[in-house]
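Please walk through the structure shown here, strand by strand, and then look at the side chains.

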Amino acid sequence: SENIDGSKSWMNGSTQKFGEGDVVTQALPVTYTYDASGNPATAIQTGGVSVSDDGFGNRTKTTLQQTFTKDTATNQMKMSQSKSISNSISLDGSSSEQTITVDYTYENGVLKSAIGSGTTKSNDGFGNITRGKIDQEFAIVNGQAKVFKNVSESWSGDVDEADKTSGRFLDGTQTRQTMTLYYAYDAKGQMVSEGGVYGVMRNY
């Protein structure tokens with residue numbers, strides 16, 4: 001697809017440039033497992049790959065996986081987990097990685113809650129690594145999960161969270177940052193900057 005601002009995205013089996021190599025994009029294939037009666041028990045869509053370009057040559061590759069399980073109340077397949085792994089490469093030499101997993105729960109066949117978490121890692125192009133984590137809370141709006149709170153924490157150095165106080169850049173400096181973003185939605189589930197029925201748009 002191509003947008004008015006010049007950005008593009010592909011998930012159609014085409015081969016796209018990414019970094020110094022090529023990536024073959026593809027839609028999400030589906031794999032089923034079956035119970036003893038031969039009925040579908042789970043469905044996993046894995047291996048979906050998309051490539052996007054912001055219109056300036058900075059590209060992102062995203063790999064998707066979605067897991068569906070049978071809901072006993074409705075006997076229908078419901079998404080129980082989604083996972084995305086994104087890798088970005090910019091023309092200035094910087095790069096980043098992000099993994100986000102969202103788990104969904106249901107009650108009597110209706111989406112009840114969703115919660116997300118993930119990790120980040122970035123390189124400024126000069127070898128300085130920043131790592132971090134993400135936690136997301138969702139509101140259920142018109143049967144859909146909408147992020148209303150996103151907490152991201154980052155720290156200097158290529159170290160795990162347990163060692164984040166010791167992480168440093170190449171010049172010996174340290175940094176730590178925590179940012180919380182709140183999102184608001186109207187009754188139709190559209191994001192709004194003010195007057196939201198669900199949540200309040202702000203950050204700190």
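Two strands count as paired if DSSP finds at least two bridges between them. The strands themselves are DSSP runs of at least two residues, marked E and numbered from the N terminus. The model is a predicted one.

Start with strand E7, which covers residues 76–89. E7 runs antiparallel to E8, and nine bridges join the two. One place to look is Asn 87, which stands opposite Glu 97 in E8. Five residues lie between E7 and E8 in their hairpin, and Gly 93 in the turn has a positive phi of about 95°.

Next comes the pairing of E8 with E9. These two strands are also antiparallel, with 13 bridges between them. Tyr 106 faces Leu 111 in E9, while Thr 101 has Ser 117 in E9 as its bridge partner. The hairpin of E8 and E9 has two residues between the strands, and Asn 108 takes a positive phi near 55° there.

Nine bridges hold E9 and E10 in an antiparallel pair. Asn 123 has Ile 129 in E10 as its bridge partner, and Ser 122 stands opposite Thr 130 in E10. There are five residues between the strands in the hairpin of E9 and E10, where Gly 125 takes a positive phi near 95°.

The following pair is E10 with strand E11, residues 144–156. The two strands run antiparallel and are joined by 12 bridges. In the hairpin of E10 and E11, two residues separate the strands, and Asn 142 in the turn has a positive phi of about 50°.

Now turn to the side chains. In a regular strand, side chains alternate between the two faces of the sheet.

Which residues make up the largest nonpolar core? There are 12 in all: Ala 43, Phe 68, Met 79, Ile 100, Val 102, Tyr 104, Leu 111, Ala 114, Ile 134, Phe 138, Val 147 and Tyr 185. At least two residues of this core come from each of strand E8 (95–107), strand E9 (110–123) and strand E10 (129–141). E8 gives the largest share, three residues. A second, separate core has five residues, among them Trp 10, Phe 18, Val 23 and Val 49.

Leaving out residues up to four places away in sequence, Leu 111 touches Tyr 104, Thr 105, Tyr 106, Ile 140, Gly 143, Gln 144 and Ala 145.

Charged side chains come next. The structure has 10 salt bridges. One of them joins Arg 131 and Asp 158, with the closest N and O atoms 3.3 Å apart. Arg 131 is in strand E10 and Asp 158 is in the loop between E11 and strand E12 (176–182), so this pair links distant parts of the chain, 27 residues apart. Arg 131 counts as partly exposed at 25% relative accessibility, and Asp 158 is also partly exposed, at 44%. Both residues belong to a network of salt bridges that links Lys 121, Arg 131, Asp 158 and Asp 160.

Another salt bridge is formed by Glu 137 and Lys 149, where the closest N and O atoms are 3.9 Å apart. Because Glu 137 lies in strand E10 and Lys 149 in strand E11, the pair ties together parts that are 12 residues apart in sequence. Glu 137 is partly exposed, with a relative accessible area of 37%.

A further salt bridge brings together the side chains of Arg 176 and Glu 153, at 3.5 Å from N to O. Arg 176 is in strand E12 and Glu 153 in strand E11, so parts 23 residues apart in sequence are tied together. Is Glu 153 buried or exposed? Its relative accessible area is 13%, so Glu 153 is buried.

The structure holds one aromatic pair. The ring centres of Tyr 32 and Tyr 34 are 6.4 Å apart and the planes meet at 40°, so the pair is tilted. Tyr 32 is partly exposed at 44% relative accessibility, whereas Tyr 34, at 52%, counts as exposed.

Note on methods: Residues numbered from 1 in each chain as written. Predicted model: local features only at pLDDT ≥ 70, side-chain atom pairs only at ≥ 80, totals over all residues. Heavy atoms only, no water. Core = buried A, V, L, I, M, F, W, Y, C linked by side-chain atoms within 4.5 Å. Buried < 20%, exposed > 50% of the residue type's maximum accessible area, 1.4 Å probe, protein only. Helix = DSSP H or I, 4+ residues; strand = E, 2+ residues; numbered from the N terminus. Contact = heavy atoms within 4.5 Å. Phe/Tyr/Trp six-rings, centres within 6.5 Å; stacked < 30°, edge-to-face > 60°. Salt bridge = Lys/Arg side-chain N within 4 Å of Asp/Glu carboxyl O.
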